[in-house]
Structures are given as structure tokens and as C-alpha cells.
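Subject: Structure handover

Hello,

Here is the structure for you to look at. Please open it first, then read my notes below.

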Amino acid sequence: MIKKIKFLPVLLLLVFAVSCSSSDDGGGANVVSTPNTAPTAVDILTYPSSDLLCIESDINFQWAAATDIDGDAISYKLTIATNRNHNQASIVEQITTTATNITVALDNGTAYYWNVVAFDNEDEATASETYAFYTEGEGISNHTPFAASLNAPVLGASISAGITTLDWSGSDVDTDDSLTYELYFGDTTDPVLTQADIAVSNFDVTTLAATTYYWRVDTKDDNGAKSIGQEWSFTTN
């Protein structure tokens with residue numbers, strides 16, 4: 001008599017063994033990747049310093065190094081613009097470098113604004129402060145003031161309605177010049193002139209709840225030279 005060999009239990013045993021072996025080796029599915037951390041922001045802009053009048057137009061930009069907790073290689077993006085908010089149309093140079101200084105040739109007799117962003121191969125840090133400087137031009141006896149910089153409310157802030165203090169800073173390389181300001185304020189973009197010849201760098205306005213307000217400050221010196229400010233906005237609760 002020929003005996004029939006039953007293979008089914010043996011096959012089940014082999015499948016079970018393979019299954020156990022697979023689960024014990026850790027498998028790729030359980031590997032958790034470590035998220036990348038962006039470098040620290042550049043916290044010091046060394047040169048040109050804020051509101052500097054540069055005699056030369058070949059400027060050696062210098063800044064402090066950023067750090068990266070992951071040990072990644074760090075690069076820097078230097079942006080130079082003719083407008084404080086660095087909108088695309090105003091950018092004159094945007095350079096990437098691994099160094100913490102670079103020389104750039106610029107036009108004479110021009111106000112510039114610059115900042116630096118540190119980044120690694122995955123993420124970038126927040127931008128450094130934006131500094132203004134002026135390149136000297138031949139025969140210039142008066143320089144246009146720098147565009148006003150924002151203090152409060154911060155851009156895009158959500159604040160309580162009521163009396164709101166608008167606060168900004170003005171500066172001029174001609175330190176003997178007296179500055180005055182024109183305030184444009186309203187609940188639509190491109191707001192209308194609200195107050196002219198403001199001698200201080202703040203102004204109180206009355207705001208309503210659940211409204212977005214837009215405002216701009218133009219800066220004039222006592223020789224009549226004027227810089228047009230950036231438009232800012234905030235929303236009330």
C-alpha cells in the first residue's frame with residue numbers, strides 16, 4: 001500500500017517561521033526619520049551698519065555666522081533692495097554664498113536696504129533685521145531720508161479695537177535734518193492722507209472691531225526731500 005504524505009502542516013510551519021523572522025528584524029516600515037532643524041537666524045549685521053553713509057560704492061557686506069544644531073552645512077542669501085520691504089521689483093542683488101562676507105558694487109547716491117537669510121539643504125531661518133545705508137554721490141549736499149521702519153502694531157497683528165497707537169521709526173544720514181511725517185491710514189489698501197507734518201514718530205487713531213486697517217508713513221526732511229514708506233496692515237478683534 002502506498003501511503004499519501006500530507007504536506008499542509010509542514011507548509012504552514014514554514015510560513016509561520018518566515019512570518020516570525022520578518023517581524024523580528026525590525027523592517028524598514030518602523031524606521032522614524034529625524035526632522036530637520038533650520039539654522040539659527042543671523043543676529044548681527046556687521047557692515048554696513050544701520051543708517052550708514054558709505055563713501056565707497058563697492059561695499060563689503062559682513063554678518064555674524066549662524067549655527068545649525070544638526071551640523072548641516074550653512075549657506076546665506078544676501079538681499080539688497082531699494083525698498084525696505086524687499087518687494088521683487090526693488091531687489092537689485094540677491095546672492096547666495098557660504099561665506100559671511102561678500103563685496104558688491106552698487107550705484108552712487110542711492111539708499112539701499114539689506115538683510116541676510118541663513119539656510120541648510122532643507123530649511124531656511126527667519127531673515128535678519130533689515131538695515132538701511134546710503135552710498136555717497138558726487139556733489140550731494142542733502143540726502144533723502146530712509147523709509148520709515150515699523151514698530152507697532154506689528155505687520156499682520158490682531159489687536160483690540162479702540163484707540164490704537166501707530167508707532168514707527170525714521171532716520172536720515174544727515175543727522176542735523178529735522179524729520180516730519182505724513183500718515184496715510186484707512187480700511188482699504190492705498191489709504192488716504194490722514195495727517196501731514198507730524199513731528200513725532202507715533203500717532204493715535206480710533207479703530208472699529210473686526211476691521212483690517214492699512215497704513216503708510218512717508219518721511220520728509222527740512223530740505224523737502226521725501227521717502228515713500230511701505231504699506232502695513234493689522235486687524236482688530
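First, a definition: a residue is buried under 20% relative accessible area, exposed over 50%, and partly exposed in between, using a 1.4 Å probe and protein chains only. By that scale K226 is partly exposed, because its relative accessibility is 36%.

Two notes on the source. This is a predicted model, where local features need pLDDT of at least 70, side-chain atom pairs count only at pLDDT 80 or more, and totals for chains, interfaces and linings use all residues. Residues are numbered from 1 along each chain as its sequence is written, and side-chain values use heavy atoms, with hydrogens and water left out.

Salt bridges

A salt bridge here is a side-chain nitrogen of Lys or Arg within 4 Å of a carboxyl oxygen of Asp or Glu. Side chains of opposite charge can pair when their charged atoms come close. The whole structure holds four salt bridges.

K220 pairs with E182 at 3.8 Å, N to O. K220 sits in strand β15 (residues 212-220) and E182 in strand β12 (residues 180-186), so this pair ties together parts that are 38 residues apart in sequence. Strands are DSSP runs (E, at least two residues), numbered from the N terminus. E182 counts as buried because its relative accessibility is 10%.

K226 also forms a salt bridge with E182, with the closest N and O atoms 3.3 Å apart. K226 is in strand β16 (residues 226-227) and E182 in strand β12, so that pair ties together parts 44 residues apart in sequence.

Next, D218 and R216 form a salt bridge, their closest N and O atoms being 2.9 Å apart. Both D218 and R216 are buried. Salt bridges with shared partners join E182, D197, K220 and K226 into one network.

Nonpolar cores

A nonpolar core is a set of buried Ala, Val, Leu, Ile, Met, Phe, Trp, Tyr and Cys residues joined through side-chain atoms within 4.5 Å. In soluble globular proteins, nonpolar side chains tend to be buried together.

Which residues touch the most other members of the largest nonpolar core? They are F61 and W114, in a core of 19 residues. Two or more residues each come from β3 (58-63), β4 (75-81), β7 (110-119) and β8. β7 gives the largest share, four residues. Another core, of 16 residues, lies apart from this one and includes A148, L166, V205 and V217.

T135 belongs to strand β8 (residues 131-135). Is T135 buried or exposed? T135 is buried, because its relative accessible area is 0%. Contact means heavy atoms within 4.5 Å. Beyond residues up to four places away in sequence, T135 touches C54, E56, S57, D107, N108, G109, T110 and Y112.

D187 is in the loop between β12 and β13 (193-198). Leaving aside neighbours within four places in sequence, D187 is in contact with T211, T212, Y213 and Y214. D187 and S233 are 46 residues apart in sequence, and their C-alpha atoms are 9.1 Å apart in space.

Best wishes
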